[in-house]
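User: I am new to this structure and would like to understand the words that describe it. Please take me through them with care.

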Amino acid sequence: MELLQFVISGLATGSIYALIGLSFAIIFNSTGIINFAQGEFVMLGGVLTICAITLLKLPLLAAILAAVAGTTLVGIIFERFAIRPLKNATPLSLIIITIGASILIRGVVMLLFGKDTQALPAFSGTTPIEVGSATLLPQHLWIFGVTILVIIGSRLFFHHTITGKAMRACSFNRRAASLVGISVWRMVLLSFVISSALGSLAGVIIAPLTMTAYDVGVMLGLKGFCAAIMGGMGSGLGTVLGGLILGILESLGAGLLSSGYKDAIAFFILLLILFVRPQGLFKKGETERV
Amino acid sequence: MRKLVGLVCCFVLLCCTSAAFAAAPIRIGGLFAVTGPASFLGEPEKNTLEMLVKQVNARGGIKGSKIELVVYDTGGDATKAVQLATKLIKNDKVVAIVGPSTTGETMAVIPVCEKEQIPLISCAAGIKITDPVKKWVFKTPANDHVAAEKILIQAQKAKQKTLAIITVSDAFGASGREQLKQMAAKRGFKIVADEVYGPKDTDMTAQLTKIKAAKPDAIICWGTNPGPAVITRNIKQLGIKTPVYQSHGVASKKYIELATPEAAEGVMLPAGKLAVYHLLKKNDPQAKVLKEYADSYRRNYNVEPSTFGGYAYDGFALIAAAVKGGAQTPAAIRDGIEKNGKMVGVSGIFHMSAADHNGLDLSAFEMVQVRKGDWVIMH
């Protein structure tokens, strides 16, 4: 009876984690760094949409486009001024820079837009849809829909376009990629563009459900990171499955065990996977050819 | 020449006497979490205190004494609060402190104030602050258990027997959970579901599905925004028809806005009277104070006043009343607050005494219900 509701709730939150996880993976694959400001892109998506609606009086669709464009701009500025100038930095110092950037973005948003939580109106009403004994909201369908589109889109992009293939080449071997004439820096910039756009899109479609404020990015970012780790940091189906599994386990844990341990369950799984299968759930261990 | 000297002498003398007439300024300190996670408390508290001091000084101070205010931002950090409290006492030589904003910070600051013998008027709600009574420590928000009791009395009136509680996993929620469980047992309620959620959680359907299966007569949720708003929406999504109570932590229009008026319809909660001051009867003793505070806050800051700012208002009012009674030193102010008797404030009507350093009772809250996107007082 209740099981169905737990699974559906889990799938809904899981797809959000999956989307955020994907945007983590895209930057990781082209730069080798984990961008901890990713959660802030998600937050910017929601906050900027609300601002565009209330301050600029834009209609919903235009506001969403403006927010995604705005966040992408932030992503570009971030890459251009904080990542690119450090030519020979180690991944570790780059990761620390992303943490600094996340604190900066959060602070600026807090000062500009205030600390209040705000809600975006639902895209297509709030009348619950019944699925057997469980219910979900029209907004969940939007989340599922966008997640599926993004999966198909990223698959096509990374496997069937020259640019996508070039980005993958960079992730396998930067030096070799630049030797065959791929501009590595352009690919890195592109990865920031795609991932900030994707992150903000995730932020926009969840804002009507979860509401948004300057500080929502932290937890969502961490959960997305979990999803990406479970998927082995690949930018494909693995991360999506990782997100969905995480969402379902959280909701089953809260429903069947104890809701007090919901986050503990998620992070316990993360640790377990890091110990037992550091290459991710769905990835074969890498073999190095000598 | 002699005439001139005489004139100068007269002038100097005049200056001296007029200086002697204006009493020495009184310096009070403020410790608020203006930034950080508790900034929703600290910001209105700081604004309120600054506004009040400005108003009092514009009227010529209290009994001729101007008030000087020193406010520090603790960022919600207990260690920082202790350092800043010491700084207020040692460097700024304040005679009393209003704040800190949270229970954790207050508990950390109490030993400092007790040792230095400076009155502390906390703006945090935790019951531990004034129970047991500490000589130099007062607080203005009503205890959480007063709000919990208000809810349970209402549930008893509605003949509800089984309860489900869902509380946030922070200090506020933990305190509410403890109080609710204790008092529900005392009043003969049965708690059939006891769920918690994280302050940043975005979906509580799992917990609510569990609650739905337990078939309670009423659901009590204890938290501050946005959690309770998400829960209210989730309840509507799951089609749960059980009556819902929220805590005083969401007693503002923001909650209805976030939860959407349709989903919040019928939700009941104990609200500090500031949230519903425009609905109070004309003869309510607090009506005048509330309206004045709300109007001037709105005029000064262009935003709606919050209950939290009211805590600082009452803190300042208690000190001001003591100073009006002739107190100048920390010890005299402490005695003045304790012997103040009845004082009509924003958070309620205070009856401070040596045995009660909070002085509020059940009348600090009104039970209100959401109807068509606005509050209605329940009777």
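Analyst: What follows is a set of questions and answers on the terms used for this structure.

Analyst: This is a predicted model, in which local features need pLDDT of at least 70 and side-chain atom pairs count only at pLDDT 80 or more, while totals for chains, interfaces and linings use all residues. Residues are numbered from 1 along each chain as its sequence is written, and chains are lettered from A and ligands numbered from 1 in the order in which they are written.

User: What makes α10(A) and α11(A) oblique to each other?

Analyst: Two packed helices are described by the angle between their axes and the distance between the axes. Axes are lines fitted to C-alpha atoms, for helices over the stretch in contact, and angles run from 0 to 180 degrees between N-to-C directions. For α10(A) and α11(A) the angle is about 140° and the axes are 8 Å apart. Angles under 35 degrees count as roughly parallel, over 145 as roughly antiparallel, 65 to 115 as roughly perpendicular and the rest as oblique; α10(A) and α11(A) are therefore oblique.

User: Which residues of α10(A) and α11(A) meet, and what makes them a contact?

Analyst: Two residues are in contact if their C-beta atoms, placed from the backbone, lie within 7 Å. On α10(A) the residues that meet α11(A) are Leu246(A), Leu249(A), Glu250(A), Gly253(A) and Ala254(A), and on α11(A) their partners are Lys262(A), Ile265(A), Ala266(A) and Ile269(A). By class this contact has 6 nonpolar, 1 polar and 2 charged residues, where Ala, Val, Leu, Ile, Met, Phe, Trp, Tyr, Cys and Pro count as nonpolar, Asp, Glu, Lys and Arg as charged, and the others, Gly among them, as polar.

User: How are α2(B) and α12(B) packed, and what is the hand of their crossing?

Analyst: The axes of α2(B), residues 39-58, and α12(B) come within 7 Å and cross at roughly 40°. The contact of α2(B) with α12(B) has 11 nonpolar, 3 polar and 1 charged residues.

User: What makes up the side of chain A that touches chain B?

Analyst: In the contact between the chains, 26 residues of chain A meet 26 residues of chain B. On the chain A side, α1 (2-31), α8 (184-210), α10 (237-257) and α11 (262-276) each supply at least two residues, and the largest share, 6 residues, comes from α1(A). Helices here are DSSP runs (H or I, at least four residues), as strands are (E, at least two), numbered from the N terminus. The chain A side divides into 10 nonpolar, 11 polar and 5 charged residues.

User: How is chain B divided into domains, and where do the bounds come from?

Analyst: Chain B has domain 1 (26-142 + 286-362) and domain 2 (145-278 + 365-377), with bounds from an automatic or database domain assignment. Their centres, taken over C-alpha atoms, are separated by 29 Å. The contact takes 19 residues from domain 1 of chain B and 16 residues from domain 2 of chain B. On the domain 1 side, α4 (103-116), α11 (287-301) and α12 (307-324) of chain B give two or more residues, and α11(B) gives the most, with 4 residues.

User: What does the UniProt record list for chain B?

Analyst: The unreviewed UniProt entry lists "domain: Leucine-binding protein" for residues 25-360 of chain B; such positions are given in the numbering used here, feature names are shortened, and annotations may be inferred rather than shown by experiment. Residues 25-360 of chain B are 45% helix and 17% strand.
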